[in-house]
Amino acid sequence: MGVIHFWWPKITGLLYPDAWARFAALVVFLGFNLTFFPQFMLGYLGMPRRYAVYSPEFQVLNVMSTAGASILAVGYVIPLVYLIWSMRYGKPAGPNPWGAKGLEWEASSPPPTENFEETPVVTEEAYAYAREALIRL
């Protein structure tokens with residue numbers, strides 16, 4: 001999901017709504033933890049894996065895990081919706097919406113077939129972020 005969100009503006013030339021992306025990340029985080037933490041507890045309490053019928057004392061944790069899986073599914077559907085939405089209504093991204101240092105971000109978004117008409121001249125390191133942070137201080 002991180003890769004899709006990072007490269008989406010470069011691939012499509014359009015931005016997605018950042019607030020929805022943050023909300024989806026929160027939903028995925030909550031759904032993941034509600035799905036798998038009860039499973040860790042079930043294993044610790046001695047429930048064997050992949051049993052369709054289990055003892056009644058494991059009921060609550062299994063229901064919590066199932067609810068978490070449903071929340072996790074919703075968390076993955078939300079990005080699908082807003083990424084498709086951005087294809088029609090997204091704002092233009094510009095060549096470098098993240099302020100990244102890599103050479104690929106110097107081309108327009110989406111990049112043309114031949115990224116550069118001339119070979120670009122590299123004047124700084126690709127990961128020279130620390131110097132900029134010090135300059136801003």
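**Reading the helices of a predicted model**

Student: Where does Pro 79 lie?

Tutor: Pro 79 lies in helix H3. Helices are DSSP runs of H or I with at least four residues, strands are runs of E with at least two, and both are numbered from the N terminus. This is a predicted model, in which local features need pLDDT of at least 70 and side-chain atom pairs count only at pLDDT 80 or more, while totals for chains, interfaces and linings use all residues. Residues are numbered from 1 along each chain as its sequence is written, and side-chain values use heavy atoms, with hydrogens and water left out.

Student: Is Pro 79 buried or exposed?

Tutor: Buried means under 20% relative accessible area, exposed means over 50%, and partly exposed is in between, with a 1.4 Å probe and protein chains only. Pro 79 has a relative accessible area of 3%, so this residue is buried.

Student: Which residues is Pro 79 in contact with, leaving aside neighbours within four places in sequence?

Tutor: Contact means heavy atoms within 4.5 Å. With those neighbours left out, Pro 79 touches Met 1, His 5 and Ala 24. Ile 11 is 68 residues away from Pro 79 along the chain, and their C-alpha atoms are separated by 16 Å.

Student: What can be said of His 5, and where is its place?

Tutor: His 5 is in helix H1. Its relative accessibility is 13%, so His 5 counts as buried. Beyond four places in sequence, the contacts of His 5 are Tyr 16, Ala 21, Pro 79, Tyr 82 and Trp 98.

Student: Which other residues of H1 are buried?

Tutor: Helix H1 covers residues 2–12, and besides His 5 its buried residues are Trp 8, Pro 9, Lys 10 and Thr 12. The elements covering the buried residues of H1 include H2 and H3. Gly 2 is also found in H1, but Gly 2 is exposed, with a relative accessible area of 53%. Gly 2 and Ala 25 are 23 residues apart in sequence, with 9.6 Å between their C-alpha atoms. After H1 comes Gly 13, whose phi is positive, near 80 degrees.

Student: How do I read the packing of H1 and H3, and at what angle do they pack?

Tutor: Axes are lines fitted to C-alpha atoms, for helices over the stretch in contact, and angles run from 0 to 180 degrees between N-to-C directions. H1 and H3 pack at about 15 degrees, with their axes 12 Å apart. H1 is therefore roughly parallel to H3. Angles under 35 degrees count as roughly parallel, over 145 as roughly antiparallel, 65 to 115 as roughly perpendicular and the rest as oblique.

Student: Which residues make the contact of H1 and H3?

Tutor: From H1 come Ile 4, His 5, Trp 8 and Thr 12, and from H3 come Pro 79, Tyr 82, Leu 83, Ser 86 and Met 87. By class, six are nonpolar, three polar and no residue is charged. Here Ala, Val, Leu, Ile, Met, Phe, Trp, Tyr, Cys and Pro count as nonpolar, Asp, Glu, Lys and Arg as charged, and the others, Gly among them, as polar.

Student: At what angle do H2 and H3 pack?

Tutor: Helix H2 (residues 18–44) and helix H3 (residues 59–89) pack at an angle of about 160 degrees, and their axes are 7 Å apart. H2 is therefore roughly antiparallel to H3. The contact of H2 with H3 has 22 nonpolar, seven polar and no charged residues.

Student: How many salt bridges does the structure hold?

Tutor: Side chains of opposite charge can pair when their charged atoms come close. A salt bridge is a side-chain nitrogen of Lys or Arg within 4 Å of a carboxyl oxygen of Asp or Glu. The structure holds one salt bridge. Arg 22 forms a salt bridge with Asp 18, and their closest N and O atoms are 2.9 Å apart. Because Arg 22 and Asp 18 are four residues apart in helix H2, about one helical turn separates them. Arg 22 is exposed at 59% relative accessible area, whereas Asp 18 is partly exposed at 41%.

Student: Which backbone features lie in the loops?

Tutor: Most residues other than glycine have a negative phi, and most peptide bonds are trans. Arg 50 lies in the loop between H2 and H3, and its phi is positive, near 60 degrees. Arg 50 is exposed, with a relative accessible area of 73%. Pro 110 lies in the loop between H3 and helix H4 (129–136). A cis peptide bond joins Ser 109 to Pro 110, with omega about -15 degrees.
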